[in-house]
Amino acid sequence: MFLARSRSLFFMAFTAGALALGASLYLEYVVGLEPCPLCTVQRFFLVLFAAVCLIATLHGPKRTGCYVYWLLNIVSCLAGMVTAWRHVLLQNEPVERWLACSPGLEYLLGTMSWRCALTQVFQGSAECTRISWTLFDMSIPEWSLLFFVGMISLGIFQLLQLLRSTGWIAVKG
């Protein structure tokens, strides 16, 4: 029963990640929205999350494997959440602060070390402050933040369930 339950949860998480990734690709290629560098970093962590979920679904891990996969999911979602949170903060700053757009992420990674490029990306640019699309009055980074928080919550809940079932966490009552 445990194996079937873990596989189905990883598959549902993969499906959610694939749908979110599909939505971002739809907005880019069909609607025509150009992703800023922070959007690209968020998309990377979304792909990482979906890939871990797919591998876990195909692998069908036992308890120890589930610990590892849920921890990897939490780490990838935490990184995505921090990126989305920074993006939301940038969108709430005054537009006058940003005079020019920064170079694209590909250019930054090609000319600088990855650490310097990520520092430059997280400092933000004018293109990261624009809100070009909303749904229910929430921008794309806000939806991304909501997704990552939800997936972190699922991961933490599953880890706590695993710890409780193995006796690491005592249940009173």
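**Helix packing and aromatic pairs in a predicted model**

The protein has seven helices and two strands, where helices (H or I, at least four residues) and strands (E, at least two) are DSSP runs numbered from the N terminus. This is a predicted model, in which local features need pLDDT of at least 70, side-chain atom pairs count only at pLDDT 80 or more, and totals for chains, interfaces and linings use all residues. Residues are numbered from 1 along each chain as its sequence is written, and side-chain values use heavy atoms, with hydrogens and water left out.

User: In what pattern do the helices and strands follow one another along the sequence?

Analyst: The elements comprise seven helices and two strands. Read along the sequence, their pattern is α-α-α-α-α-α-β-β-α.

User: Are helices α3 and α7 roughly parallel or roughly antiparallel to each other?

Analyst: Helix α3 (residues 63-91) packs on helix α7 (residues 140-165) with the axes 8 Å apart and at an angle of about 155°. Axes are lines fitted to C-alpha atoms, for helices over the stretch in contact, and angles run from 0 to 180 degrees between N-to-C directions. Angles under 35 degrees count as roughly parallel, over 145 as roughly antiparallel, 65 to 115 as roughly perpendicular and the rest as oblique. The two helices, α3 and α7, are therefore roughly antiparallel.

User: Which parts does the pair of Phe-49 and Phe-147 tie together?

Analyst: Rings of Phe, Tyr and Trp (its six-membered ring) pair if their centres lie within 6.5 Å; planes under 30 degrees apart count as stacked, over 60 as edge-to-face and the rest as tilted. Phe-49 and Phe-147 form an edge-to-face pair, 5.8 Å centre to centre with 85° between the planes. Because Phe-49 lies in helix α2 (residues 37-59) and Phe-147 in helix α7, the pair ties together parts that are 98 residues apart in sequence.

User: How are the rings of Phe-147 and Phe-148 arranged?

Analyst: Phe-147 and Phe-148 are both buried, that is, under 20% relative accessible area, with exposed meaning over 50% and partly exposed in between (1.4 Å probe, protein chains only). Their ring centres are 5.7 Å apart and their planes stand at 70°, so the pair is edge-to-face.

User: Which residues does Gln-42 contact, leaving aside its neighbours within four places in sequence?

Analyst: Gln-42 lies in helix α2 and is buried, with a relative accessible area of 5%. Contact means heavy atoms within 4.5 Å. With those neighbours left aside, the residues in contact with Gln-42 are Gly-80, Thr-83, Ala-84, His-87, Pro-141, Ser-144 and Phe-148.
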